[in-house]
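Here is a short briefing on one protein model. Keep the sequence and the 3D view open as you read.

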Amino acid sequence: MNRNWLQKDFYRLLEVDKDAEQAAIKKSYRRLAQKLHPDANPDDPKASERFKEVSEAYSVLSDPDRRKEYDQVRSMGAGAFRGSGGGHGPFGGQHVRFEDLLGGAGGIGDLFGFRGGRRGPQRGADVTATLDMTFEESIKGTTASVRIESPEACSRCGGGGAEPGTSFDVCAGCGGTGTVASNQGFFSFTNPCPQCSGSGRTLDSPCSKCRGRGRERRARTIKVRIPRGVKDGNTIRLRGRGSPGVRGGPPGDLLVEVRVAEHPVFSRNGDDLLLQLPVTFTEAALGAKVKVPTLNGPVTLKIPAGTSSGRTFRVRKEGVRRDRGRPGDLLVTVQVTVPSKLPKDARKMLEEFRDRYETGNPRDNL
C-alpha cells in the first residue's frame, strides 16, 4: 500500500463519486487518460503530472481489494484532520508529523504494515510445490527431487540490479534516504522517493538481463527428505529454500505438499494400517492359520474356529513407524467368502447340517 493514501483523494482525481460503480470509474479514467496523456500534451508538464496521478488513482480504485483497503485508510485518517485549531481534535492543534501518525505502537502504520523511513530488508516469498509418491514411500520415508520455478537472484548481476562493471549512485532526489518530505499545514508528510522508488540509490546502467530488478525466474531441482509416516495432504516446510529476500532480507521457505497414491491392499487410519482378509467358509468354521501380507513381509495369523465375517484381528507393530513414538498396528478384518455354486453332494451335506445343527434365528434381536 502507498503511504500517501491519506493525502490523495483518488475519487476526486478521477472525477467520480465515492460510491461509483467500477464501470463508471473505468469510463472516467479512459476519458481523463486520453485527455491528459503526455503524447497529447507534449508542452504541458502539469498535464503529465496529472496523468500520473490519474493513473495511480485508477490502479487502486480498479482493484476491489485495494479500493476497500484505501477506503478503510481514508476513513481512519479522517479523524486526524478534524479539529486542527485551538486545542480541539485528537492532536490539540499541535503540529504533528505524518511519521508520528504512522509510527508507534497502535499507530496506523502498525495496523496496515508500513512505517516511516526508507524501506528496509524484506523476506522473500514462500514457494509451493507438490510431490507425488507411492503408499510404501509415505510409510517408510524417502528422499525425492522437487523441480520448481521461482524468482532467483539474477545470474548476470548477482541480484544487485546493476550491469556488471557499473555501480550504484546515491539518489540525488532523496540523498539516499528513500523518502521525500512535503509540508501541508500542520502536517509534515513523507513519501517514497519517485526517482528511486524508495531504495535510496540509482543505477548508472541497469542490468540488461533483469532490467534492474535484480531477479529472474529460473527452474531448479531441490532434494526433499520425506519423513516416515507422512500422510496424504501433509506439507513439508524447507526453511530458506524459497525466493530470495529483497535488499538483504532472508529468503522465504519452500512448502512441499505430499500427494500419496492409494494402495491396492492396504488403507490407513492414523498410524494403523487396515487390511481386508478373505477366508473360506471352512477356514472360518473350522479355524486355520493363514499368511497375511504386511509392508515388512508376510506373517502368520491364526483364525479361530467359528470366526464370523467382519471380525478384526490386531497384528501389533506392523503399522506406521514414525521417527518418534509408538508404531501403529495392522488391523486385519475377516471377510468370509461363500461359493456362488455348490455341487449337489455339497449342497445336500449343507442342508443336512442346517436341519440338524442350526437352531434358533440369528435375527431374533433385530
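Leaving aside its neighbours within four places in sequence, which residues is Glu163 in contact with? They are Arg156, Ser205, Pro206, Cys207 and Ser208, where contact means heavy atoms within 4.5 Å.

This is a predicted model: local features need pLDDT of at least 70, side-chain atom pairs count only at pLDDT 80 or more, and totals for chains, interfaces and linings use all residues. Residues are numbered from 1 along each chain as its sequence is written, and side-chain values use heavy atoms, with hydrogens and water left out.

**Glu163**

- Glu163 sits in the loop between strand E3 (142–153) and strand E4 (168–170). Helices (H or I, at least four residues) and strands (E, at least two) are DSSP runs, numbered from the N terminus.
- Glu163 counts as buried because its relative accessibility is 13%. Buried means under 20% relative accessible area, exposed over 50%, and partly exposed in between (1.4 Å probe, protein chains only).
- A polar atom of the Glu163 side chain lies 2.6 Å from the backbone nitrogen of Ser208.

**The four-stranded sheet**

- Strands of a sheet pair through backbone hydrogen bonds, either parallel or antiparallel.
- Here, four strands form an open sheet in the order E11-E12-E16-E15, and the pairing is mixed. Two strands pair if DSSP finds at least two bridges between them.
- Strand E11 (266–269) and strand E15 (312–315) are the edge strands, so each pairs on one side only.
- E11 pairs with strand E12 (residues 272–280) in the antiparallel sense, over four bridges.
- Phe266 stands opposite Leu275 in E12.

**Phe313 in strand E15**

- Strand E15 holds Phe313.
- Phe313 counts as buried because its relative accessibility is 11%.
- Phe313 and Thr333 are 20 residues apart along the chain, and their C-alpha atoms are separated by 6.3 Å.
- Leaving aside neighbours within four places in sequence, Phe313 has contacts that include Leu301, Ile303, Pro304, Leu330 and Val332.

**Helix H3**

- Helix H3 (residues 45–61) has 17 residues and should span 24 Å at 1.5 Å a residue. The expected span is 1.5 Å times one less than the number of residues.
- The end C-alpha atoms of H3 are 25 Å apart, which agrees.
- The buried residues of H3 include Ala47, Phe51, Val54, Tyr58 and Leu61.
- At the start of H3, a side-chain oxygen of Asp44 reaches to within 3.1 Å of the backbone nitrogen of Lys46.

Methods:
Polar contact = N/O pair within 3.5 Å; in protein donor to acceptor, adjacent residues only side chain to side chain.
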